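Welcome! Try each task before you read its solution.

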Amino acid sequence: MAITKPAPERTDDDGQPAKPSERAKPQGAAKPGASVKPGEEGRHLNSPLLLTILMLALVLFQGPIRGALAAPVMQSWTTVFVAVMVQALPFLVLGVLLSAAIAVFVPPSFFARALPSRPALAVPVAGAAGAVLPGCECASVPVAGALVRRGVTPAAALTFLLSAPAINPIVLTATAVAFPGNPEMVLARLVASLLVACAMGWLWLRLGRTDWLKPPSRPSHDGQSRGEAFWGSVRHDVMHAGGFLVVGAMAAATLKAVAPESWLRAAADNPVLAVLALAVLAVVLSICSEADAFVAASLSQFSLTARLAFLVVGPMIDLKLFAMQAGTFGRSFALRFAPATFALAVVVSVLTGWVML
């Protein structure tokens, strides 16, 4: 006589016998309340579909669009926007390539060996190192975090964080190209940015506390080969910084074409208001440092000192930098470091502009 074995009792995820109601439930059954409409499974709005819809809309409404673009205001807007983008893109791409190469191929231990052991002397050396090591602000934050993780004094790492995106050769060359009639802007930007970076480093030595700073615990490119890390960094920075460049160019074009000349002139004629307005604009626009000089040059209504404040503040503190600093070193650090950097950058820019411009 054949003996049939009883079917194995089903258990739940914890290994306990399943309840009777759960035993009878077929595998893969939908959860209660989770209704799926016929044909809805797997349907989603993807990028090709959005692009097709956009192209159809452009074809259908080409008449009104063509008429709007023919307006004098839009022609002026387009001219400024294209001019800023064409001038800035080569420097942006070159800066991204060089910053990615430094972040990936130069070991952080190199900086630790190159800096003096005394923190007070390491601060100006780290600030000067920013003049020979190209890197945008997007790359300077993870590099500074790696320096702190490798034992570099935080004051020197923070000095490098502020100076590298502001005074590196790519940025200074772009500034010279953007201000061909005012070569003194290059030296003024170099001096003001280096002074702010070193002053913030020494200020951290004097007043900074270790419990405010929480450096990252893992490398940025952990688990990747050098080639993968390099091209990943390039793709990220081009998309990230390029997006902010487009926003900055659009804002500059809008100010030139739409804002009433009387408003801009009123702000530009007041020295205090002009400096504060462009300093706040630099924080809001968050333009990559390789391209911000071209946006500043387009704001010709404002004085050179006000535009210098725009160039000094932007690479040191803006909205994306605040988020990156908070994510890398902790929110407690960013809430103290960012306002102090902004105030010091504005003051130093005014004094430098008064002396050199």
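A residue is called buried when its relative accessible area is under 20%, exposed when it is over 50%, and partly exposed in between (1.4 Å probe, protein chains only). The model is predicted, so local features need pLDDT of at least 70, side-chain atom pairs count only at pLDDT 80 or more, and totals for chains, interfaces and linings use all residues. Residues are numbered from 1 along each chain as its sequence is written, and side-chain values use heavy atoms, with hydrogens and water left out.

**Exercise 1. Find the buried residues of helix α15 and the helices they pack against.**

Step 1. Locate α15 at residues 304–313. Helices here are DSSP runs (H or I, at least four residues), numbered from the N terminus.

Step 2. Check the burial: 10 of its 10 residues are buried. They are Leu304, Thr305, Ala306, Arg307, Leu308, Ala309, Phe310, Leu311, Val312 and Val313.

Step 3. Look for the neighbours. The buried residues of α15 pack against α9, α10, α13 (271–285), α14 (292–298) and α17, where contact means heavy atoms within 4.5 Å.

**Exercise 2. Is Asp292 buried or exposed, and which residues does Asp292 touch?**

Step 1. Leaving aside residues up to four places away in sequence, Asp292 touches Arg189, Ile287, Phe310, Leu311 and Pro315. Phe310 and Leu311 are among the buried residues of α15 from the previous exercise.

**Exercise 3. Describe how the rings of Trp204 and Phe333 are arranged.**

Step 1. A pair of aromatic rings is described by the distance of the centres and the angle of the planes. Rings of Phe, Tyr and Trp (its six-membered ring) pair if their centres lie within 6.5 Å; planes under 30 degrees apart count as stacked, over 60 as edge-to-face and the rest as tilted.

Step 2. The structure holds three aromatic pairs. In the pair of Trp204 and Phe333, the centres are 5.7 Å apart and the planes stand at 70°, so this pair is edge-to-face.

Step 3. Trp204 sits in helix α10 and Phe333 in helix α17 (residues 331–356), so the pair ties together parts that are 129 residues apart in sequence.

Step 4. Trp204 is buried at 12% relative accessibility, and Phe333 is buried at 1%.

Step 5. Widen the view: Trp204, Phe329, Phe333 and Phe337 form one aromatic cluster.

Definitions and conventions:
Helices (H or I, at least four residues) and strands (E, at least two) are DSSP runs, numbered from the N terminus.
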